[in-house]
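Hello,

Here is the model you asked for. Please open it alongside this note.

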Amino acid sequence: MGDTRTHHRICPLCEACCGLEVQVGDGRVLGIRGAEDDVFSKGYLCPKGVALKDLHEDPDRLRTPLVRRDGVLREAGWDEAFAEVERRLPPLLAAHGRDAVALAVGNPAAHKMDLLLYVRHLAKALGTRNMFSASTLDQMPKQLSAGLMFGHWLSIPVPDIERTDWLLVIGANPMVSNGSLWTVPDFRGKAKALRARGGRLVVIDPRRTETADVADEHHFIRPGSDALLLAAMAHTLFDEGRVRPGRLAPLLEGVEPLREALEPFAPERVAARCGIDAPDIRRLARALAAAPRAAVYGRLGTCTQRFGTLASWLVDVLNALSGHLDEPGGAMFLKAAAFAENTLGAPGRGRGIVVGRHASRVSGAPEVWTELPMTVLAEEIETPGHGQIKALFTVASNPVLSAPGGPRIAAALERLDFMVSLDVYVNETTRHADVILPGLSPLEQGHYDVAFPQFSYRNHARYSAPVFTPAPGHPPEWQQLLRLAAIARGRGATADVLALDDELVEAEVRKLAGEHAPFVLRQVAGLNGPERLLELALRSGPYGDRFGMNPGGLNLARLRAAPGGIDLGELAPRLPELLRTPSGKVELAPPMLLAELPRALAELDAPAPPLVVIGRRDVRSNNSWMHNLPVLAKGRERCTALVHPADAARAGLADGATARIEGAGGSVSVTVELSDTLMPGVVCLPHGWGHDAPGARLTLAAQRPGANLNALLSDRERDALSGNAVLSGGVVTLAAA
Ligand SMILES: Nc1nc2c(c(=O)[nH]1)N[C@H]1C(S)=C(S)[C@@H](COP(=O)(O)OP(=O)(O)OC[C@H]3O[C@@H](n4cnc5c(=O)[nH]c(N)nc54)[C@H](O)[C@@H]3O)O[C@H]1N2
Ligand SMILES: Nc1nc2c(c(=O)[nH]1)N[C@H]1C(S)=C(S)[C@@H](COP(=O)(O)OP(=O)(O)OC[C@H]3O[C@@H](n4cnc5c(=O)[nH]c(N)nc54)[C@H](O)[C@@H]3O)O[C@H]1N2
Ligand code: SF4
Ligand SMILES: [Mo]
């Protein structure tokens, strides 16, 4: 067998970021288990972590570039692939301008430091306004509300779960998702501990979820009505004189305008629309106010709706008004060791955020944090005129399955003049590409989570070294991105990307360190790529060694020496230091949000639709791309429609029958699973399925393709403020197929 070794590797598959022990022998993965010595995840893992082995070994995972020749994607060398980009991109840019080339960045980019740290260089080199990402299918409403309230898009508080006594989870299912904008491995264990010390877990969800099953209390809510419910809870705090912001009182701006704006949202007024009785709404508000340590946490379900930004904002309004924001056991902010912009610059005050610096050409959707909504991608490709998208780069993005109106996007991709995908599979989206550039297996790269330590249950820092050496000649994705950037800048496909990397880093360091730049650069000599950026960020970060000025502080060498990570302590209050608002206060009543409230109120009088669809996640699945891995694909069928028995009876459907579900975007056929865990009038499908596209190369996934939920949903429904897609509460009809 040769010798076996054990490597510590942070799992890159979901936001829980578990530390894994990867056992390796003879150049192969022998086994994967949770790393007990991981300071953060302490041995926890889920079945997807084990599937990293299958991902590494998947014969369908691309190892060489593909280039379309005579209509067929064929294997090509790296030089040939980049030469093809060089042949086709610059003429397009010259003829149609920068906005003719779009960039779409998907979820796995948040889990690879290569992609997260270097995609900006491609974006900048392209210089296009047509920037899209999974953020507008997911968390943009929360980023916007946090940006408006606290001054930075990523200053998002998380529940301090290890110290809280009362936790309200609304529109999230961390038992399955393992948390989002909240890195919390082993939610089950932490929820159990919360209850064991006498605390309460309350869940609000249109489905009695796995999280509801471990809670003390669960309320059904009519999809899409969270902003109304949360507004009514905040109204109750004002109405009953329970507003007690405590220490934060002098830091809160806009309490009075907020009170006035929430006046129409009495629980008695919103109860019917929400499907929660007014006394229950009042009781929830009182419980929040009364608990010594409490937090409200809202996630995907509260974002992917018409008033997602309002709901996201009101979550933190409740935390602030009840005195639980920035308090131990409440909703607290992280202080990440590296890359957190809310630890940079002057503390306590800043420029805040701006939105709408430009708008999409066809629908006029405003730019939010440099992006346009993913739901306008298809129309921007289809609609002629100056600025029409003619070429597209996708980076770890599968919008055909992950964005509403998926089939429309697929048809639009066919009309592009040129498409390049950085991806690891030929799938529903990348099968339309002219060039596919594969990334390395996660096990072939070092890893540091750039984003998630900014939203974790505890401060910590971890780095994983590569487990395997990449195949000779296979460039890591950061170098691929730099090469593409070089082509877009007119430097050609054979530019020296390592020199370009030096140039970019030098420019950045000069900007930040001024006269000390040469000294700082000498300190990181010998490193390049993401590791050099990490070393710079760690050493200059809040726990850093400050290049020698703070001996004993963090640097990459110290992290390398501690594969199980370094614990940086429990969450500590950060207000007002964290704030980057121009006022230097927490903005409780941003005018843009107050102005949206009447629109939400107007919803109250619209009749509730008889049947709507919501999504769900499964422990053995991850968005659209892990259905080709044997360890996850085995077992029962997962892409089923959960239907309440009463709704099924009305449509004449029995358990196991095939139903035809029709929505505003189209229809799908899917197996019915009767379930009384749903609120009547709500059907539930997972997203990320529909692996029956011709030309995709997903052998195993194609055997049980499932149906694409996003073929049902309309790409016309957006949260007006953030541009986020509405993925929840779409009206559907149900019939026997
Ligand atoms: N109806 C509905 N739709 C949803 C959701 C929902 O709840 N309901 N959820 C939304 C959410 S939260 C998200 S985040 C999006 C996710 O949607 P996307 O951002 O499209 O992400 P994935 O579906 O995970 O697809 C990931 C793509 O990256 C590729 N990939 C995987 N690993 C790598 C790698 O290491 N390198 C490269 N270059 N490529 C890689 C995969 O092959 C795949 O093409 O879906 C959204 N869509
Ligand atoms: N196993 C697994 N884990 C994952 C993923 C995965 O695909 N599989 N995806 C990862 C990604 S990209 C993300 S963003 C996170 C998301 O993580 P979560 O935010 O926990 O997302 P979901 O599990 O989809 O839970 C959303 C919940 O909202 C409920 N819901 C739907 N509509 C409404 C509504 O109108 N109001 C309320 N109150 N609730 C509603 C749904 O029933 C569901 O229980 O999960 C991540 N983790
Ligand atoms: S919960 Fe599972 S997929 Fe998520 S990081 Fe942990 S092992 Fe990986
Ligand atoms: Mo997501």
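Into which domains is the protein chain divided? There are three entries: domain 1 (66–138 + 353–437), domain 2 (141–333 + 339–346 + 575–601) and domain 3 (609–736). The bounds come from an automatic or database domain assignment.

Some ground rules. This is a predicted model, where local features need pLDDT of at least 70, side-chain atom pairs count only at pLDDT 80 or more, and totals for chains, interfaces and linings use all residues. Residues are numbered from 1 along each chain as its sequence is written, chains are lettered from A and ligands numbered from 1 in the order in which they are written, and side-chain values use heavy atoms, with hydrogens and water left out.

**Domains 1 and 2**

The C-alpha centres of domain 1 and domain 2 are 34 Å apart. Their contact (heavy atoms within 4.5 Å) takes 9 residues from domain 1 and 15 residues from domain 2.

**Ligand 1**

Around ligand 1 there are 27 residues. A residue counts here if one of its heavy atoms lies within 4 Å of the ligand. Ser402, Asp423, Asn427, Glu477 and Ser624 come nearest.

Now the polar contacts, meaning pairs of N or O atoms within 3.5 Å; within protein, one must be able to donate a hydrogen and the other to accept it, and residues adjacent in sequence count only if both atoms are side-chain atoms. A polar side-chain atom of Asp423 sits 2.5 Å from an oxygen atom of ligand 1. Asn398 uses a backbone N or O atom, 2.8 Å from an oxygen atom of the ligand. Leu422 has a polar backbone atom 3.1 Å from a nitrogen atom of ligand 1. On its own, ligand 1 has 910 Å² of accessible area, and the protein covers 97% of this. Accessible areas come from the Shrake-Rupley method with a 1.4 Å probe; for residues, only the protein chains shown count as cover.

By class, the shell has 12 nonpolar, 10 polar and 5 charged residues. Ala, Val, Leu, Ile, Met, Phe, Trp, Tyr, Cys and Pro count as nonpolar, Asp, Glu, Lys and Arg as charged, and the others, Gly among them, as polar. Why does ligand 1 lie between domain 1 and domain 3? Because both domains give residues to its shell.

**Ligand 2**

Ligand 2 has 30 residues around it. Ser177, Asp205, Asp226, Ser621 and Ser728 come nearest. A polar backbone atom of Asn173 is 2.8 Å from an oxygen atom of the ligand. Gly224 places a backbone N or O atom 2.8 Å from an oxygen atom of ligand 2. The side chain of Arg617 has an N or O atom 2.8 Å from a nitrogen atom of ligand 2. Taken alone, ligand 2 exposes 920 Å², of which the protein buries 97%.

Two elements give two or more residues to this shell: α6 (174–177) and α13 (300–303). Helices (H or I, at least four residues) and strands (E, at least two) are DSSP runs, numbered from the N terminus. The shell of ligand 2 has 10 nonpolar, 13 polar and 7 charged residues. Domain 2 and domain 3 each supply at least three residues to it.

**Single residues**

Is Asn724 buried or exposed? Asn724 is buried, because its relative accessible area is 0%. Buried means under 20%, exposed over 50% and partly exposed in between (1.4 Å probe, protein chains only). Asn724 is in the loop between α27 (699–703) and β26 (730–736). Leaving aside neighbours within four places in sequence, its contacts include Ser135, Asp138, Cys303 and Arg718.

Gly350 is in the loop between β14 (331–332) and α15 (377–382). At 26% relative accessibility, Gly350 is partly exposed. Gly350 touches Arg580, Thr581 and Pro582, not counting residues up to four places away in sequence. Gly350 and His152 are 198 residues apart in sequence, but 8.9 Å apart in space, C-alpha to C-alpha.

**Backbone**

Most residues other than glycine have a negative phi, and most peptide bonds are trans. The bond from Leu575 to Pro576 is cis, with omega near 5°. Pro576 lies in the loop between β19 (566–567) and β20 (586–587). Asn178 has a positive phi, near 65°. Asn178 is found in the loop between α6 and α7 (187–196) and is buried, at 3% relative accessibility. Lys42 also has a positive phi, near 50°, and is in the loop between β3 (28–34) and α1 (47–50).

Best wishes
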